[in-house]
Amino acid sequence: MSIAKYPQMRDVITPGVARLRRRLPELLSFGGVGALAFIVDVGIYNVLRFGPMSNQIITAKVISVALATIVAWLGNRYLTFRARRGRPVLREAVLFGVSNVIGLAISALCLFVSHYLLGFTTPLADNIAGNVVGLVLGTTFRYFAYRSFVFRTPTGDPHDELALLPPSRR
């Protein structure tokens, strides 16, 4: 199937590709910050899980995610969404925190379902549920929450990418 044979497809595909190209640096930065936060999260979770909190897996996860959230906020604030910062720091931090509490709930729910409802209680199963499935679902939610609510464009429209360009390039 060729786009030349179906010109209406070009009207759908071309804008999507252009939008992806514009967002690629942001997505790569978000991924890099997320990778660092992931290392913090998984590292601390496993230190706690196999150390002082071996019987408190949910609490260990909450602590590891809380520390990783601080790393993620700093990275996203000063790297990924630096051009989108337009709110007072405290309000931004609160919105970021709320977004991450929801992301944490997604991750913890995956771990809870796997460990307690499905009976997968091995360390590998706990890591897959909390650090793979929970991570993918929570990260997807976080990206859209950060982009739409936490780090809004200066115009207030989360989808107004032209607002990020200097007036001479709009």
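Contact here means heavy atoms within 4.5 Å. The model is predicted, and local features need pLDDT of at least 70, side-chain atom pairs count only at pLDDT 80 or more, and totals for chains, interfaces and linings use all residues. Residues are numbered from 1 along each chain as its sequence is written, and side-chain values use heavy atoms, without hydrogens or water.

View 1. E26 belongs to helix α1 (residues 7-49); helices are DSSP runs of H or I with at least four residues, numbered from the N terminus. E26 is buried, at a relative accessible area of 12% (buried means under 20%, with a 1.4 Å probe and protein chains only). Beyond neighbours within four places in sequence, E26 contacts T80, F81, R84, Y143 and R147.

**View 2. The largest nonpolar core.** This core consists of F30, A37, A68, A72, W73, F81, F96, Y143, Y146, V150 and F151, 11 residues. Two or more residues each come from α1, α2 (57-80) and α4. A nonpolar core is a set of buried Ala, Val, Leu, Ile, Met, Phe, Trp, Tyr and Cys residues joined through side-chain atoms within 4.5 Å. Apart from this core lies another of 7 residues, including L48, I57, A60 and L111.

**View 3. Contacts of F151.** With residues up to four places away in sequence not counted, F151 touches W73, N76, R77, F81, R84, R85, E92, F96 and Y146.

**View 4. Helices α3 and α4.** The axes of α3 (residues 89-117) and α4 (residues 123-150) come within 8 Å and cross at roughly 155 degrees; axes are lines fitted to C-alpha atoms over the stretch in contact, with angles from 0 to 180 degrees between N-to-C directions. The two helices α3 and α4 are therefore roughly antiparallel (angles over 145 degrees).

Methods. Angles under 35 degrees count as roughly parallel, over 145 as roughly antiparallel, 65 to 115 as roughly perpendicular and the rest as oblique. Buried means under 20% relative accessible area, exposed over 50%, partly exposed in between (1.4 Å probe, protein chains only).
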